[in-house]
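Here is a friendly walk through one protein model, with the sequence and the coordinates side by side. Please have both open as you read.

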Amino acid sequence: MQRFITVLLLAAFLSGCASMDERKKTVMLDNATRHYESAIRWGDYATANAFRLQESADVPATRPENLKRFRVTSYETLNAVLNEDETEAHIVVQIRYYDEERMKEVTLTDRQTWKYDAEAGLWHLDGPLPAFR
């Protein structure tokens, strides 16, 4: 009986650890996306670009210096879906921005894919910066 209780407590402890690891991943995702949002909102495109996966060769990097004319006026998360093993997140945001060259406010929908790097313990954006035009 004592062995059964020990096994039961060990199982409960291990499942609790797994829950803590999963919780940690979601908190880290929230922190990464909030810092990314802040960088986009304040026009710090070099910092925002640092959140991108560097080996994402199929998606060209947007040159931060080409984005200076855009001023974000609103950044709203519309939808966020985390996959079952919490290694990939699909987030849809609506960004309103002002184009200083055209003197016009524009709205765009940005579909982001975030991937978790277990080795580094970090979330990275798998794709380009928002497609300001």
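Glu-88 is partly exposed, at a relative accessible area of 22% (buried means under 20%, exposed over 50%, and partly exposed in between, with a 1.4 Å probe and protein chains only). Its salt-bridge partner is Lys-115, with the closest N and O atoms 3.9 Å apart; a salt bridge here is a side-chain nitrogen of Lys or Arg within 4 Å of a carboxyl oxygen of Asp or Glu. Lys-115 is partly exposed too, with a relative accessible area of 29%. The pair links distant parts of the chain, 27 residues apart: Glu-88 sits in strand β2 and Lys-115 in strand β3 (residues 104–117).

A word on the source: this is a predicted model, in which local features need pLDDT of at least 70 and side-chain atom pairs count only at pLDDT 80 or more, while totals for chains, interfaces and linings use all residues. Residues are numbered from 1 along each chain as its sequence is written, and side-chain values use heavy atoms, with hydrogens and water left out.

## The sheet

Let's step back to the strands. Helices (H or I, at least four residues) and strands (E, at least two) are DSSP runs, numbered from the N terminus. Four strands form an open sheet in the order β1-β2-β3-β4, with antiparallel pairing; two strands pair if DSSP finds at least two bridges between them. At the edges are β1 (70–82) and β4 (122–125), each of which pairs on one side only. On average, neighbouring strands of this sheet are turned by 30° against each other, direction ignored (axes are lines fitted to C-alpha atoms, and angles run from 0 to 180 degrees between N-to-C directions).

β1 and β2 (residues 88–99) run antiparallel and are joined by eleven bridges. As a landmark, look for Glu-76, which stands opposite Gln-94 in β2.

The structure holds nine salt bridges. In one of them, Arg-96 and Glu-105 meet at 2.6 Å, N to O. Both ends are partly exposed: Arg-96 has 35% relative accessibility, and Glu-105 has a relative accessible area of 37%.

Asp-99 and Arg-102 form another, with the closest N and O atoms 3.0 Å apart. Here Asp-99 is buried, at a relative accessible area of 0%, whereas Arg-102 is partly exposed at 45%. These two also belong to a salt-bridge network with Arg-69 and Glu-101.

## The nonpolar core

Which residues touch the most other members of the largest nonpolar core? Among its 25 residues, they are Tyr-36, Ile-40, Tyr-45, Ile-95, Tyr-97, Trp-114 and Phe-132. Such a core is a set of buried Ala, Val, Leu, Ile, Met, Phe, Trp, Tyr and Cys residues joined through side-chain atoms within 4.5 Å. At least two residues of this core come from each of α1 (2–41), α2 (45–50), β1, β2, β3 and β4.

Beyond its neighbours within four places in sequence, Ile-95 is in contact (heavy atoms within 4.5 Å) with residues including Val-72, Tyr-75, Val-106, Leu-108 and Phe-132.

## Two loops to look at

Glu-86 lies in the loop between β1 and β2 and has a phi near 55°, a positive value in a residue other than glycine. Is this residue, Glu-86, buried or exposed? At 14% relative accessibility, Glu-86 counts as buried.

Met-103, in the loop between β2 and β3, has a positive phi as well, near 50°. Met-103 is exposed, with a relative accessible area of 64%.
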